[in-house]
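Take a look at the model below. This report covers a ligand site first, then a pair of packed helices.

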Amino acid sequence: MRKPLLAANWKMNGSLTENEKRLTLFKEKLSNLEHQDIVIFPPAIYIPQTANLLYNSDISWGFQNIFHESMGAYTGEHSPGMAKDYGVSYALVGHSERRLLFGETDHQILKKIAILLEFGMTPIVCIGETLSQYKNHETLDVLKRQLKAFLDPISCEQQDLVIAYEPVWAIGTGKAATESEVQVVHENIRLIVSEYDQWDADLIRIIYGGSVTAQNSNHFLAQPDIDGLLVGGASLKSDEFISICTQ
Ligand code: PGA
């Protein structure tokens, strides 16, 4: 049984005042939702505020990015141990903005996944093709390569790792993929995962991200292989994210 996961990726948005309003409302409206997991990804500097405001609720919080070493001379980075100090249980890994804007490689992504699992945190590993790859029908080849980079070497309890399929062309563009298109891709991702002996493809959660709104969210969630959503822009609008989580 795969429990749906609804994640809010705030990216580099928010302020103490805005966050307080949003998180207080989320705690009021989204606690006690037994049938799904909800996780908020604020900018790292607001993790202490988020931990404080969501303390004693069923909502989790996570880092948008984490470094693959546990301590040392890595100016500007945050370690998994530091995240754990603030009750962090999830981290995004390999978001396309990290891959494209900050040059994050499959190898670094693998190292991040490994250290997160070692520290008992759940990595949400983002994969997805660019617009030109999509147009050239290269989606599955790209996904296979991105998956192979960590499915090969990593072995863990499947519940402890989430895959987020986020076509790059659908992120922040208002042009979401269709639910049937995503369903087919997720089926294929599950098939690829099943080729690795140490993984049980039926258990792994595969979520979709890219221009998710309150209008299209339930179409995605109705598909058998879409186990949740990673929501960017719409998660900054409190009412919209609450409606995505509760409909
Ligand atoms: P979006 O972002 O919902 O604004 O398209 C999704 C994401 O980047 O995770």
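A polar contact here is a pair of N or O atoms within 3.5 Å. The model is predicted.

**The ligand site**

The ligand is surrounded by 13 residues. The closest are K11, H95, E166, G172 and S211.

| Residue | Protein atom | Distance to a ligand oxygen atom |
|---|---|---|
| H95 | side-chain N or O | 2.7 Å |
| E166 | side-chain N or O | 2.7 Å |
| G232 | backbone N or O | 2.9 Å |

H95 and E166 use side-chain atoms, whereas G232 uses a backbone atom. Taken alone, the ligand exposes 280 Å². The protein buries 95% of that area.

**Two packed helices**

Helix α7 spans residues 139–151, and helix α8 spans residues 179–194. They pack at an angle of about 40°. Their axes are 10 Å apart. The crossing is right-handed.

Which residues in α7 and α8 meet? From α7 come L140, L143, K144, L147 and L151. From α8 come V185, N188, I189, I192 and V193. By class, this contact has 8 nonpolar residues, 1 polar and 1 charged.

How values were computed: Residues are numbered from 1 along each chain as its sequence is written. This is a predicted model: local features need pLDDT of at least 70, side-chain atom pairs count only at pLDDT 80 or more; totals for chains, interfaces and linings use all residues. Side-chain values use heavy atoms; hydrogens and water are left out. Axes are lines fitted to C-alpha atoms, for helices over the stretch in contact, and angles run from 0 to 180 degrees between N-to-C directions. Helices (H or I, at least four residues) and strands (E, at least two) are DSSP runs, numbered from the N terminus. A crossing is left-handed if the near helix is turned anticlockwise from the far one by less than a right angle, and right-handed if clockwise. Contact means heavy atoms within 4.5 Å. Ala, Val, Leu, Ile, Met, Phe, Trp, Tyr, Cys and Pro count as nonpolar, Asp, Glu, Lys and Arg as charged, and the others, Gly among them, as polar. A residue is near a molecule or strand if one of its heavy atoms lies within 4 Å of it. A polar contact is a pair of N or O atoms within 3.5 Å; within protein, one must be able to donate a hydrogen and the other to accept it, and residues adjacent in sequence count only if both atoms are side-chain atoms. Accessible areas come from the Shrake-Rupley method with a 1.4 Å probe; for residues, only the protein chains shown count as cover.
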